[in-house]
Amino acid sequence: MKIQPMSYKNYVWPFNPKQVEVAYSRNIQNLKLPLYGSVLQDLGFDKRVVTGSGEFIGSGCMEEFSRLAAVFASGESGLLRLPGDTPFPAAFASLKMIGEAQPDCVSYSFVFVEDDAGPKEASLSETSYVCRGGESLWEVANLYGTDVDTLKGLNPLIQWPNALKVGQKVVLP
């Protein structure tokens, strides 16, 4: 079984984070009634909260953290894809660099919160993807849950699958 990489919007983690925790909870309130005592009320599910941590390793580790920080700074909600889970809309709530950055290692932690008002699953069925530059066909394939061979078949005019240009369109299955 091939584990898909974690991704958010157009950002694909080069290596999945070391730790990812998905928290589900219910909103239970204790309602006090005069002359009766109290009753528990189930007010439904709270939003999922995804926390995690990991490291970027190698000579470009600080640049990789900067790319992730730029996605965080964009502020808009997007689709969060966790390995083995269905993508869901989420807001990027927190990104922290842990400790001091080393020349070949940057440790980080993150928090995502489910966003019911964010982009829905339907946005996965787009017919094309517009590249932002510096991406590869492999990253686009992982972002949309397909494989490179399928994308190459649908996009025979792409000459350099490892270096897509800004504005280049990739037809999706």
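Which residue in β7 does Tyr8 stand opposite? The close-up views below, taken from a predicted model, begin with this pairing.

**View A. Strand β1 is paired with strand β7.** Tyr8 stands opposite Leu80 in β7. The two strands, β1 (residues 7-8) and β7 (residues 78-81), run antiparallel and are joined by two bridges.

**View B. Strands β7 and β8 form a hairpin.** Three bridges join these antiparallel strands, and Gly78 stands opposite Ala90 in β8. Six residues lie between β7 and β8. In the turn, Gly84 has a positive phi of about 75 degrees.

**View C. The largest nonpolar core holds 20 residues.** The members that touch the most others are Trp13, Phe56, Leu80, Phe92, Phe110 and Phe112. Two or more residues of this core come from each of β6 (49-57), α1 (61-74), β8 (88-102) and β9 (105-114). Apart from this core lies another, of 13 residues, including Tyr129, Val140, Ala141 and Ile158.

**View D. The contacts of Phe92 are shown.** Leaving aside residues up to four places away in sequence, Phe92 touches Tyr8, Leu68, Val71, Phe72, Phe110, Val111 and Phe112.

View E. A disulfide is a covalent bond between the sulfur atoms of two cysteines. The structure holds zero disulfides. Cys61 is in none, and the nearest cysteine sulfur, that of Cys105, is 6.6 Å away. Cys61 counts as buried because its relative accessibility is 1%, and buried means under 20%.

Definitions and conventions: Residues numbered from 1 in each chain as written. Predicted model: local features only at pLDDT ≥ 70, side-chain atom pairs only at ≥ 80, totals over all residues. Heavy atoms only, no water. Disulfide = S-S within 2.5 Å. Buried < 20%, exposed > 50% of the residue type's maximum accessible area, 1.4 Å probe, protein only. Core = buried A, V, L, I, M, F, W, Y, C linked by side-chain atoms within 4.5 Å. Helix = DSSP H or I, 4+ residues; strand = E, 2+ residues; numbered from the N terminus. Contact = heavy atoms within 4.5 Å. Pairing = 2+ DSSP bridges.
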